[in-house]
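Work through the exercises below with the structure in view. Try each task before reading its solution.

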Amino acid sequence: MDLNKIFLKDACPTKMGGQAVMEGIMMKGETKTALAVRLPDGRIRIRTTENKRPGKWMTYPLIRGVCAFVQSMVQGTKVLMDSADILAMYDDEEYEEGRFEKWINNRFGSKAAWNFMLYSSVAVAIVLSVGLFIIAPTWVVNLMKHFTDSIFWLNFVEGALRIAMFVGYVWAVSFMPDIRTVFRYHGAEHKTIHCFENNLELTPENADTFPTLHPRCGTSFLMFVFIIAFALHFLLGWPVLWLRIITRLLLLPVIAGLSYELLKWAGRSDNIIVKILSLPGLYLQKVTTRQPSREELEVAIASIKAVRDDTPAREYIIGKDGGEEPVDIVENEDENSD
């Protein structure tokens, strides 16, 4: 891995960051967020929204990391659902609501139903992640007490198992066709941000010259979480199982806060310590990113241009000829009703 191609010497880091979604990319700048989705007919649908001003909690080190993590979970799930909804609008197959969804819509309204789906999805994701990557490893390693009483080895195996389970999970889902597409858009996002930060014209040809790995990626944040957890858990010894689970859960905000600060440092520095600490996350990005096509790079470029556009928040379509087309009024009404 050539780190000089990732930590680019003449680059000017920005606060811009994104997320790959269904057939597209969400790009967030300092004042505006854009969602760009490639439609089945080849056009690109763009939706921009104004960012809310950061709360005072985002000014405090460590605390801002916890707030950013929760916000990214909610926003990440929301834009995934939004991209799926946009694609469904252009799908010939008619969507049929389930009985539970119908009951929620009839009793509380479509907006409440959408919010319920959003926050319940986030809650389920958090519970499953905690259960699989926090509780399960410490419970499994507890069986090792029949073979050793070494606090060092018990903690070491628990941390190693937790990281191995996470990497194995990401590697396994990378074989799913839809996930591979998302990972190509993830690579397109990184290439395009590199291109922008190096002050080059945003074209697919220029963007394609850069690597798919980026030091400020959320994948690196997750690896920082596991590595910092690995280190901090050694300080807690090896108490009984129920106490061990509780202390690991209580440490999660501290771990998230430290990981966020470390990621911010890695994003604006290229010294040797940062490069070494970033290596695990960069290697994991080799799994979570793929080489994008020209069409996928075009979507990433469109998302950055939309974020930097000075016009008010709006929704439009970029045609195959590169011109802007208004979004159909009926489509807008259907979407706003959600």
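**Exercise 1. Is Val-240 buried, partly exposed or exposed, and which patch does Val-240 belong to?**

Solution. Start with the cut-offs: buried means under 20% relative accessible area, exposed over 50%, and partly exposed in between (1.4 Å probe, protein chains only). Val-240 has 48% relative accessibility, so Val-240 counts as partly exposed. Next, find its place: the loop between helix H7 (218-233) and H8. Helices (H or I, at least four residues) and strands (E, at least two) are DSSP runs, numbered from the N terminus. Now the patch. Val-240, Trp-242, Leu-243, Ile-246 and Leu-250 form a nonpolar patch on the surface. Together they have about 510 Å² of accessible area. Patch residues have over 30% relative accessible area and no salt bridge; nonpolar side chains (Val, Leu, Ile, Met, Phe, Trp, Tyr) are joined within 5 Å, like charges within 9 Å. Areas come from the Shrake-Rupley method with a 1.4 Å probe, and for residues only the protein chains shown count as cover.

A note on the source: this is a predicted model, where local features need pLDDT of at least 70, side-chain atom pairs count only at pLDDT 80 or more, and totals for chains, interfaces and linings use all residues. Residues are numbered from 1 along each chain as its sequence is written, and side-chain values use heavy atoms, leaving out hydrogens and water.

**Exercise 2. Find the nearest side chain of opposite charge to Arg-244.**

Solution. Locate Arg-244 in helix H8 (residues 241-268). Arg-244 is buried yet has no salt bridge. A salt bridge needs a side-chain nitrogen of Lys or Arg within 4 Å of a carboxyl oxygen of Asp or Glu. Lys and Arg count as positive, Asp and Glu as negative; His and the chain ends are not counted. The nearest side chain of opposite charge is Glu-158, 4.9 Å away. What does Arg-244 touch? Contact means heavy atoms within 4.5 Å. Leaving aside residues up to four places away in sequence, Arg-244 touches Thr-138, Asn-142, Trp-238 and Pro-239.

**Exercise 3. Which strands pair with E4?**

Solution. Two strands pair if DSSP finds at least two bridges between them. Strand E3 (residues 32-38) pairs with E4 in the antiparallel sense over seven bridges. Thr-33 has Thr-49 in E4 as its bridge partner. The E3 and E4 hairpin has five residues between the strands, and Gly-42 there takes a positive phi near 95 degrees. E4 and E5 also run antiparallel, joined by four bridges. Ile-46 is partnered with Tyr-316 in E5. Finally, consider burial: five of the seven residues of E4 (residues 44-50) are buried, so this strand is largely enclosed by the rest of the structure.
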